[in-house]
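Here's a quick briefing to read with the model open beside you.

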Amino acid sequence: MSFLDEFQANLESLPNILHKKYSLLRDLDKSLQEIQRQNEKRCEQEIEDVKREIRTGNITPNTSLLRFSDDALEEQKHSVRIADEKVTLAVQAYDLVDAHIQQLDQYLKSFDEELRRERDTVATTVSPAPSLDGSNKSGRSGEGGRGGRKKTRLATAAAAQAATEAAAAVANPTGMELDLPVDPNEPTYCFCNQVSYGEMVACDNADCKIEWFHFGCVGLKEQPKGKWYCSDCAALKNRRKGR
């Protein structure tokens, strides 16, 4: 059984366990409230009895000798025991959820390391050989290399996005937005200066400073046919034609 399968199996039983603990908490809370009401009535009645005895002169109003009955004191001790039990249940529920969160953190860390190794492997595999005349910019190839590199980037980004969405679905089944940390060493692209995500397109200008762009940031919905230039490089190209 893989780590993900084991985590999913443990996660499926978590709601039932928490439901039982919360149900017990509610029952204890009801019992505690009932005991507190009984104790308040008993104490109020005993206070009235003491006042009546003082008015009739049967007892001396010496406050140092006045005390509640053993029954009233026992009810108060019972209330404290129930409250302690509620705290214990709440701590158990918290620890149970925290253990699953730590398990998920471990999985996400392993998953991130696996994705990074895959990206490094792909980058090493598709890295173009430098040209003999040295005319091309380091790390870039000709038009054929750029086309293959564009397909590789799209395939890698799509695979990474699918894997990330799958992990997010397991980590966040309720669909709530989560604030996950971003790797500070992750390279950034596009005009937005953000990391690689979703579908991206490469500028066909070999000297483009940015090189890769998100579809949404440049107004694209599908892979352009033929050559494509970013707005900066397109403007530069038009200025050169106008001379």
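E74 and R81 meet through their side chains in a salt bridge, at 3.2 Å from N to O; the term covers a side-chain nitrogen of Lys or Arg within 4 Å of a carboxyl oxygen of Asp or Glu. Keep in mind that this is a predicted model, where local features need pLDDT of at least 70, side-chain atom pairs count only at pLDDT 80 or more, and totals for chains, interfaces and linings use all residues. Residues are numbered from 1 along each chain as its sequence is written, and side-chain values use heavy atoms, with hydrogens and water left out.

**Salt bridges**

- Side chains of opposite charge can pair when their charged atoms come close.
- The whole structure has 7 salt bridges.
- Both partners of the opening pair are partly exposed: E74 has a relative accessibility of 41%, and R81 comes in at 44%. Here, buried means under 20% relative accessible area, exposed means over 50%, and partly exposed is in between (1.4 Å probe, protein chains only).
- D71 and R42 make another salt bridge, with 3.9 Å between N and O. This one links distant parts of the chain, since D71 sits in helix α2 (residues 70-126) and R42 in helix α1 (residues 3-56), 29 residues apart.
- R42 is partly exposed, at 31% relative accessibility, and a network of salt bridges links R42, D71 and E75.
- R52 and D49 also pair up, at 2.5 Å from N to O. They are 3 residues apart in helix α1, so about one helical turn separates them.
- R52 is partly exposed with a relative accessible area of 40%, and D49 is partly exposed too, at 27%.

**Overall layout**

- The protein chain has 4 helices and 4 strands. These are DSSP runs numbered from the N terminus: H or I over at least four residues for helices, E over at least two for strands.
- Going along the sequence, the pattern is α-α-α-β-β-β-β-α.
- Of the 243 residues in the protein chain, 22% are buried.
- Take the contacts (heavy atoms within 4.5 Å) between residues at least 6 apart in sequence: 62% of them join residues at least 24 apart.
- The protein chain exposes about 17200 Å², and carbon and sulfur atoms supply 54% of that. Areas like this come from the Shrake-Rupley method with a 1.4 Å probe; for residues, only the protein chains shown count as cover.

**Nonpolar cores**

- What counts as a nonpolar core? It's a set of buried Ala, Val, Leu, Ile, Met, Phe, Trp, Tyr and Cys residues joined through side-chain atoms within 4.5 Å.
- The largest one has 13 residues, and C203, C208, F213, W228 and C230 have the most contacts inside it.
- Strands β3 (200-202) and β4 (212-214) each supply at least two residues of this core, with β3 giving the most, at 3 residues.
- Leaving out residues up to four places away in sequence, C230 touches F191, C203, C208 and F213.
- Another core, of 6 residues, lies apart from it and includes L32, I35, I82 and L89.

**Aromatic pairs**

- There are 2 aromatic pairs. To count, rings of Phe, Tyr and Trp (its six-membered ring) need centres within 6.5 Å; planes under 30 degrees apart are stacked, over 60 edge-to-face, and the rest tilted.
- The F191 and F213 rings have centres 5.0 Å apart and planes at 55°, so this pair is tilted. F191 is in the loop between β1 (188-189) and β2 (194-195) and F213 is in strand β4, so the pair ties together parts 22 residues apart in sequence.
- F191 is partly exposed at 38% relative accessible area, whereas F213 is buried at 0%.
- F213 also forms an edge-to-face pair with W228: 5.7 Å centre to centre, 65° between the planes.
- W228 is buried, with a relative accessible area of 13%.
- Through these ring pairs, F191, F213 and W228 are linked into a cluster.

**Cysteines**

- How many disulfides does the structure hold? It holds 0 disulfides, a disulfide being a pair of cysteine sulfur atoms within 2.5 Å.
- The C203 sulfur has its closest cysteine sulfur in C233, 3.7 Å away, which is too far for a bond. C203 is buried, at 0% relative accessible area.
- For C217, the closest cysteine sulfur is in C190 at 3.6 Å, again too far for a bond. C217 is partly exposed, at 36% relative accessibility.
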